[in-house]
Amino acid sequence: MTRSEKRTRVIRVTDDGTRDARADMLATEEPLEIRVNGRRLAVTMRTPSEDFSLAAGFLLSEGVVTDGEQISSIRYCRKDFGPGAEDGDNTIDVVLQPWVLPPLPFQERNVMMSSACGMCGRTSIDQVHQKSQFSTSEDPLRLSEEFVLRMPQVLRDRQKVFDHTGGLHAAGLFDGRTGELVAVREDVGRHNAVDKVLGWALLEGKLPLRQHVLMVSGRASFELTQKCAMAGVPMLASVSAPSSLAVELAKDAGMTLAGFVRDHRFVIYSGDERIVSDVDATEANFA
C-alpha cells in the first residue's frame, strides 16, 4: 500500500439486507502547499504522489515557467522552514533560477483549491486566460479513428491506484507518432492529474509536446484545455463532454478536441483534420 491509498473499515449492504463488515481502500486526499522562492503561491487538495511534477505543472499552467531549466530546485519543506511547514511532506518550495521572474501578485491563489477546482482563488475573469509560449495550430499530428478509440482502455489498464480505490481521475500522455502511452498520473483532482503529467514533461525537457495527445478520464473543461495549450499539446481527448469555453479555446488555439471517447464512438469539437478515417489511415500508415 502506498501513500496514495488508505485502508478503512466499511459495512457493505446488499439489496437482500445482508451486511458485511470488511476492509476497503480509499484514495488519499491531503493538502499540498506550493511555495515559490519561499513565498506561498497556492494550496491544493491532492493525492500524495508525484508532488514535484504537480508543482512544476502548476507553475507551467500559471505561466510562471515554460522550461524545466527555469527551475533551480524543488524540495519538501521541513519544520525549520517557517510557519505552515510543520508537515514537511505537504509543503513544497520551488526555487526559480535568478533570471526568472517570480509569480506576480495576481497569480497567488487566495483560497484553498479543492480537488474539484483548478481556477479557485482567481480574483478576476481576465486572470483566467493564460497566453501560451507554444503554438499548436501548425502541429502535424495525425491520428486514425482506431487510435482515438483505443486510448481510454489503454489508459484504464494503467490506472493502478484506481483499481484499488475506484476514486481517482487519470491523465495519460500518448505519443501520436508511436502510439506509446508515455506517462500516466492519477489524482483525486482531474486538474492535478494533468499537472502531474505536464510537470513531468517540463522537468524532463520534453516541451513543447508536439504530436502528443492528452487523454483524461473526466470531462474536458476550459482549465484542462488551457493546460494543454500551455504545454504545446495539440490534442485533448476525454471520456465525457467538453464545456463551451473549452471548445472556444481549442478552436482559437488550433487544438483538436474530442469528447465522449467511449463505447466505440467519439465526437470531434475542433481540429477534425487531425483525425483521419481508418481507411485513409491504413493507406497513409498512421498510428
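# Chat about a predicted model

Colleague: Which strands make up the open sheet, and in what order?

Modeller: It's a sheet of 4 strands in the order S4-S3-S6-S5, with mixed pairing. Strands here are DSSP runs of E with at least two residues, helices are runs of H or I with at least four, and both are numbered from the N terminus. Two strands pair if DSSP finds at least two bridges between them.

Colleague: Which strands stand at the edges?

Modeller: Strand S4 (39-46) and strand S5 (71-76) do; each has a single partner strand, so one side of each is left without a neighbour in the sheet. From one strand to the next, the twist averages 20°.

Colleague: Before we go on, what kind of model is this?

Modeller: This is a predicted model: local features need pLDDT of at least 70, side-chain atom pairs count only at pLDDT 80 or more, and totals for chains, interfaces and linings use all residues. Residues are numbered from 1 along each chain as its sequence is written, and side-chain values use heavy atoms, with hydrogens and water left out.

Colleague: OK, back to S5. How many bridges does it share with S6?

Modeller: S5 and strand S6 (residues 91-96) pair over 5 bridges in the antiparallel sense. Look for Tyr76, which stands opposite Ile92 in S6.

Colleague: And which helix packs on that sheet?

Modeller: Helix H4 (residues 190-203) does, touching S4 and S5, and its direction makes about 125° with that of S4. Angles run from 0 to 180 degrees between N-to-C directions, and axes are lines fitted to C-alpha atoms, for helices over the stretch in contact.

Colleague: At what angle do H1 and H4 pack?

Modeller: Helix H1 (residues 51-61) packs with H4 at about 90°, and their axes are 6 Å apart. That makes H1 roughly perpendicular to H4, a label for angles of 65 to 115 degrees.

Colleague: Which residues make the contact?

Modeller: From H1, they include Phe52, Leu54, Phe58 and Leu60; from H4, they include Leu198, Trp200, Leu202 and Leu203. Contact means heavy atoms within 4.5 Å. By class, the contact of H1 with H4 has 9 nonpolar, 5 polar and 2 charged residues. Nonpolar covers Ala, Val, Leu, Ile, Met, Phe, Trp, Tyr, Cys and Pro, charged covers Asp, Glu, Lys and Arg, and the others, Gly among them, count as polar.

Colleague: New topic: how do S1 and S2 run?

Modeller: Strand S1 (residues 5-13) and strand S2 (residues 19-27) run antiparallel, joined by 9 bridges. Ile11 has Ala21 in S2 as its bridge partner. The hairpin of S1 and S2 has 5 residues between the strands, and Gly17 there takes a positive phi near 90°.

Colleague: What about S11, are its faces covered or open?

Modeller: Both faces of strand S11 (residues 235-238) are covered: Met235 and Ala237 on one side, Leu236 and Ser238 on the other, all buried. Buried means under 20% relative accessible area, exposed over 50% and partly exposed in between, with a 1.4 Å probe and protein chains only. S11 runs parallel to strand S10 (residues 212-216), with 4 bridges, and Val216 stands opposite Ser238.

Colleague: Where does Phe260 lie, and what does it touch?

Modeller: Phe260 lies in strand S12 (residues 256-262). Leaving out residues up to four places away in sequence, Phe260 touches several residues, including Ser238, Phe266 and Tyr269. The C-alpha atoms of Phe260 and Ser238 are separated by 6.2 Å, though these residues are 22 apart along the chain. At 21% relative accessibility, Phe260 counts as partly exposed.

Colleague: And overall, how many helices and strands?

Modeller: The protein has 7 helices and 14 strands, and 52% of its 287 residues count as buried.

Technical notes
Angles under 35 degrees count as roughly parallel, over 145 as roughly antiparallel, 65 to 115 as roughly perpendicular and the rest as oblique.
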